[in-house]
Structures are given as structure tokens and as C-alpha cells.
Amino acid sequence: MQTYAWAKVLPMICPVNNTAMSLLLQYGWNTAFENNYANHKNNGLDVGRVLTINGYLYTLIGEAGIITAELSGTLLNGKESGDLPKVGDWVVFKAYEEQGYVIEVLPRLNELSRKMPGKGMDKQVIAANVDAALLLQGLDRDFNLMRIQRYLYQVANNGIGAIVVLNKKDLVENPQYYQREVASLGYQCPVVLTSALDNEGVAELASQHLEAGKTYALLGTSGAGKSTLMNALWGGILQKEGAVSMANSKGKHTTTYRSLVLIPNGCMVIDSPGMREFGITIATEEMEGTFHPQIAALAAHCKFGDCTHHQEPGCAVMAAMEEGTLPEVVYQSYLKLYREQQRYGTHAADRKRVERQFGRITRQAKDFRQKRKY
Ligand SMILES: Nc1nc2c(ncn2[C@@H]2O[C@H](COP(=O)(O)OP(=O)(O)OP(=O)(O)O)[C@@H](O)[C@H]2O)c(=O)[nH]1
Ligand SMILES: [Zn+2]
């Protein structure tokens, strides 16, 4: 095995896992990638996984350690943006001294992507080769069942499994209540309670749901506790994006920012800026709050186009429920989301009314002041 100069300064990403296991295997390398790499290997090219993308600079982990790379001209000119390397991709590169040049992206097992609104079939790929999404929600004011439903739907659309993590359980009396609410949405996925700040439930999350060699994409709105959870899983303080200091006043282990991080139990978690953006767009995207893939398919057969599937005649959803072809849990989740949307809608309408009223009062006060000239 060839060793590069930069391998000597390889920063250890995982503070615990210092086994002799090959770096590629640690980072999720498998026979499917191996087969696609065979030809390139014969041509003397190296392979690595994308850890971070910073402008035009890519940080890769290869068999010999970490290397910074750029895209080769042919790759840059010959590909659609969705096909260019993303965090999690396995890429073939040529190393010249301390710099790599990415030649090719190995076929992906899957990709986390979204369609670009108004751009036809264009899609934005956020991460590649993801085994499951970690959907993080705080149990403070961040908790919103409709939003969780949207995340679950988007992720399922990408053919990627999900694990829902309800964080900040220390802030509510009965966290199990929220766990049941999410379970009642009818998606067959684990729902885990954590308090990342106090390191509670984090070890259980890792040992019961995160498998060594697998890659998890961390999604959640701002403030849900993504950084806190990453630190708790990693067992130290990871630098936030943009931070350069390696020093830490508390003497804790820190490392430079990486989007794809190897966790001590052997799994990888991706928390990239693109993913954060993706999370926010899912959270705020205009989508029917009551949307459920199974319900939507049935609704096409309801007698009335605006059927709410409550008591209307000729309702295909209720018929399917009675026949037993639609699981009751899915129908109940639809009703729950419907009620939530009604509540949410009223809140929004109330807020608008109050704002309008407030606007009127300030205008009146301003007029009054102008008349009185003070
Ligand atoms: N009470 C409590 N607070 C928490 C918990 N986890 C995180 N927090 C706090 O929530 C706030 C947001 O946490 P972050 O980890 O920065 O959240 P984030 O999702 O990375 O936020 P962005 O960087 O804005 O995307 C911080 O003040 C944390 O200390 C928890 O389990 N319990
Ligand atoms: Zn109906």
C-alpha cells in the first residue's frame, strides 16, 4: 500500500476506534463499490469517500488517510451538477504529492435529493450513499407532527429509511406521549427519545439503532440540537462549520469541521450545511399538511374532489378503511394531521388578524402624534 506524506498528519476522526481495520472499510466500503472501482484500480487510481465540500475543495478519506482534492476538468465539464461529487460519495482520484484530482464518481447506492422547484426535472442532490435518515426534532416548541410527517414522506420518497429522534426530552413531563404521537403516523420507523445536552438516551440510540459501517443523514430544523447530538455521539466537541481553532479552553478533544463524521461505535453521521438547508426547506415547504401517500392515492377515487374523508358519501378512503385495505393507524394519523392543520390554520389566521389590528393601532397613534406635533 502506498503511503502519502499527508498520511503522517492524519487527524484521528474517531477517538476510540483505533483498530487496524482498513480505513475504507471503516468508512463503509463494500463489494458493490469494489466492483465498480476494479478498472480504475488497474489504472493506478486511488479511491476515497467525500467527507466535506468547501467551495471547490473536497476533503476525502482514502486508504492512506485524508487528502484535499479538486475536481478534474473533465469531470467538471462533463457532468450535470447532481452527478458531481457530494458528501458521502465514493470518488476515484489521482494523487499528485499532497493534492488529489477527482476523476470519477462511483455509482451511488442512493442519494438524498429534492426536486428543484420550477426547473423541470432538475434535482438537487444533498448527500450520497445514505443508509437511513436521522430525523431530529426538539420536544420544546420545535415539536410539530406535520413537519415530522413531511420529513418522513420526503425521506421515504428517496427510498431511504428513517429513525425519528425526539430530543430535549428533559423539557417535557411526558416524553412518551410525543413518542406515541409520532408512532401513530403509521410509518414503520423507530422513534427514540434523547436529551443530547445531558447525554441521555444517546448511547441507546447508537447501540440499538446505528450500525457500524452504515451512514446516517442528520436532518432537523435549526435549534433542534443537531450539533449537540453530533458532539454527544462523537464524544467530544466537533468544530462547527467555519471554525478554524483547534484549541479548546476546557481541554476537550476537538477536530476541524467535517460533514461526514465517524462515530466511535463505527457508524457515520452526515451533518452538512446542504443538509441543514434541505431540512429547512422540507420544514417550510408548501405541502398539504394532511398529505399521506396512501390517503392521496385513495382520495383520487372519492366522489367529491374536496372530500375531507370524514363523513362524505362515496368516500374511497373510508371505504378502504372499512374493507381493511387501509390500516386504521394510517387513517387515524390522517385525522390527527387534519385536526392539527385546522388548528395551525386558525392560529395563522388569528395571528394575521392581530397583526392587522396592531398595524391599524400604530398608524392611528402616528396620525395622532403628527396632529399633536410631538
Ligand atoms: N434542554 C435541552 N436543550 C438542548 C438539548 N439539546 C440541545 N439543546 C440546546 O438547544 C440549543 C440548540 O442546539 P444546537 O445543537 O445548536 O442545535 P442545531 O440543531 O445544531 O441548531 P443549528 O446550528 O441552528 O441548526 C442549544 O442551546 C443547546 O444547548 C437537550 O437535549 N435538552
Ligand atoms: Zn374521501
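A residue is buried if 20 or more other C-beta atoms lie within 10 Å of its own, exposed if 12 or fewer, and partly exposed in between, with C-beta atoms placed from the backbone.

Some ground rules come next. This is a predicted model, in which local features need pLDDT of at least 70, side-chain atom pairs count only at pLDDT 80 or more, and totals for chains, interfaces and linings use all residues. Residues are numbered from 1 along each chain as its sequence is written, while chains are lettered from A and ligands numbered from 1 in the order in which they are written.

Start with the whole protein. It has 374 residues, and 35% of them count as buried. Its secondary structure comes to 11 helices and 15 strands. Helices (H or I, at least four residues) and strands (E, at least two) are DSSP runs, numbered from the N terminus. Two residues are in contact if their C-beta atoms, placed from the backbone, lie within 7 Å. Take the contacts between residues at least 6 apart in sequence: 67% of them join residues at least 24 apart.

Now look at the barrel. In it, 5 strands close up in the order 1-2-3-5-4, with mixed pairing. Neighbouring strands here are turned by 50° against each other on average, direction ignored. Such angles run from 0 to 180 degrees between N-to-C directions, and axes are lines fitted to C-alpha atoms, for helices over the stretch in contact. Two strands pair if DSSP finds at least two bridges between them. Strand 3 (residues 65-71) and strand 5 (residues 99-105) pair in the parallel sense over 4 bridges. Ala-69 has Gly-100 in strand 5 as its bridge partner.

Glu-97 sits in the loop between strand 4 (90-96) and strand 5. Its phi is positive, about 55°, although Glu-97 is not a glycine. Tyr-56 lies in the loop between strand 1 (46-54) and strand 2 (57-62). Tyr-56 is exposed, with 9 other C-beta atoms within 10 Å. Tyr-56 and Leu-71 are 15 residues apart in sequence, and their C-alpha atoms are 7.5 Å apart in space.

Strand 9 (residues 161-167) pairs with strand 10 in the parallel sense over 3 bridges. Leu-166 stands opposite Leu-193 in strand 10. Strand 8 and strand 9 also run parallel, joined by 7 bridges. There, Gly-138 stands opposite Asn-167 in strand 9. Strand 9 is mostly covered, with 5 of its 7 residues buried.

Gly-235 follows helix 7 and has a positive phi, near 85°.

What surrounds ligand 1? There are 16 residues around it, and the closest are Ser-222, Gly-225, Lys-226, Ser-227 and Thr-228. A residue counts as near if its C-beta atom, placed from the backbone, lies within 6 Å. Helix 7 (residues 226-234) gives the largest share of this shell, 3 residues.

Finish in the interior. In soluble globular proteins, nonpolar side chains tend to be buried together. A nonpolar core is a set of buried Ala, Val, Leu, Ile, Met, Phe, Trp, Tyr and Cys residues joined through C-beta atoms within 7 Å. The largest core here has 85 residues, of which Leu-135, Ala-217 and Val-269 touch the most other members. Leaving aside its neighbours within four places in sequence, Ala-217 is in contact with residues including Leu-112, Val-130 and Ile-270.
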